[in-house]
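Me: I would like to learn how to read a few features of a protein model, starting with its charges. Could you take me through them one by one?

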Amino acid sequence: MLEIRGVSFSYDSVAAVRDVTASIGSKQLIALTGPNGSGKSTLLKMLARVQAADAGSIEFEGRGIREWPPKEYAKRVAYLPQDPDPTFPMRALDVVVSGRAPFLGRFEWESDADYQEAARALAMCDASNLGDRYLDEM
């Protein structure tokens with residue numbers, strides 16, 4: 001499902017990720033661990049297409065991640081930065097429902113059905129009790 005081959009990335013010639021290779025199947029739970037500054041967030045940003053790798057390749061479902069149309073990729077892959085913007089305080093439920101955006105039409109707002117789907121997703125993660133809490137409170 002996800003193939004990472006020889007991926008590297010540098011910030012102003014300082015290597016953040018060096019020659020990472022991994023194969024992750026569908027429905028696998030992966031823990032990405034390491035000390036601060038070891039490239040965990042940078043690797044996730046590359047998988048989310050927030051940053052492009054300097055070297056190597058990343059394939060998702062047999063296609064290079066840059067080959068996917070943005071909306072189609074967003075229907076399958078989501079990224080939430082570790083430091084949410086405090087300018088726009090959001091409840092956990094609002095963050096989850098924002099994942100419905102790729103499924104909406106242009107100028108279309110989330111419906112009650114989208115909020116029900118988000119509540120169901122929180123329940124699947126045993127996190128329903130967090131739905132009304134703001135991110136900066138957690």
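Me: How many positive and negative side chains does the protein chain have, and how far apart do the centres of the two sets lie?

Reply: Lys and Arg count as positive and Asp and Glu as negative, with His and the chain ends not counted, and the place of a charge is taken as NZ of Lys, CZ of Arg, CG of Asp or CD of Glu. Here the protein chain has 16 positive and 20 negative side chains, and the two centres lie 5 Å apart. This is a predicted model, in which local features need pLDDT of at least 70 and side-chain atom pairs count only at pLDDT 80 or more, while totals for chains, interfaces and linings use all residues. Residues are numbered from 1 along each chain as its sequence is written, and side-chain values use heavy atoms, leaving out hydrogens and water.

Me: In what order do the elements of the protein chain run?

Reply: Helices (H or I, at least four residues) and strands (E, at least two) are DSSP runs, numbered from the N terminus. In this chain there are 4 helices and 4 strands, in the order β-β-α-β-β-α-α-α.

Me: Is Leu32 buried, partly exposed or exposed?

Reply: Buried means under 20% relative accessible area, exposed over 50%, and partly exposed in between (1.4 Å probe, protein chains only). Leu32, in the loop between β2 (14-24) and α1 (40-47), counts as partly exposed because its relative accessibility is 43%. Of the 138 residues of the protein chain, 25% count as buried.
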